[in-house]
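Colleague: I would like to learn how to read aromatic contacts in a model. Please take me through one case.

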Amino acid sequence: QVQLVESGGGLVQPGGSLRLSCAASGSTFSIGTMGWYRRAPGNERELVARITYGGSTNYADAVKGRFTISRDNAKNTQFLQMNSLKPEDTAVYFCYCHRMFGDNDVGYAYWGQGTQVTVSS
């Protein structure tokens with residue numbers, strides 16, 4: 001069992017920055033891909049960013065160039081640095097991770113509790 005605890009959300013003005021953290025605990029010996037989804041009111045879940053164990057990254061077009069995902073495998077933690085925030089970035093952000101067997105992600109994802117990000121003037 002893996003538990004994910006998120007932090008770093010809050011209220012920020014357009015153009016500002018936030019850094020989200022997601023710390024994994026429990027059975028963390030083989031965590032593969034990690035990343036972030038977000039859900040805005042009335043919208044479907046959207047994959048924001050993800051990063052593999054080896055550091056390969058993918059970003060949604062809407063955040064490319066503004067957001068940076070990273071991970072610290074020694075500390076079992078992932079981060080989402082969000083710069084140049086826009087009102088349309090307002091959403092609940094959920095971190096997730098997969099377990100890894102060999103080089104492959106396996107099983108269902110584990111999820112954090114979500115953290116609210118509000119971008120408003």
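**Reading an aromatic cluster**

Modeller: Start with Tyr96, which is buried at a relative accessible area of 5%. Buried means under 20% relative accessible area, exposed over 50%, and partly exposed in between (1.4 Å probe, protein chains only). This is a predicted model, where local features need pLDDT of at least 70, side-chain atom pairs count only at pLDDT 80 or more, and totals for chains, interfaces and linings use all residues. Residues are numbered from 1 along each chain as its sequence is written, and side-chain values use heavy atoms, with hydrogens and water left out.

Colleague: How many aromatic pairs does a search of the whole structure find?

Modeller: Rings of Phe, Tyr and Trp (its six-membered ring) pair if their centres lie within 6.5 Å; planes under 30 degrees apart are stacked, over 60 edge-to-face, and the rest tilted. The search of the whole structure finds three such pairs. In one of them, Tyr37 and Trp111 have ring centres 5.4 Å apart and planes at 50°, so the pair is tilted.

Colleague: Which strands hold Tyr37 and Trp111?

Modeller: Strands (E, at least two residues) are DSSP runs, numbered from the N terminus. Tyr37 lies in strand β4 (residues 31–39) and Trp111 in strand β10 (residues 104–111), so the pair ties together parts 74 residues apart in sequence.

Colleague: Is Trp111 buried, partly exposed or exposed?

Modeller: Trp111 is partly exposed, at 36% relative accessibility. Tyr96 and Trp111 also form a tilted pair, 5.5 Å centre to centre with 40° between the planes. Tyr37, Tyr96 and Trp111 form one aromatic cluster.

Methods. Helix = DSSP H or I, 4+ residues; strand = E, 2+ residues; numbered from the N terminus.
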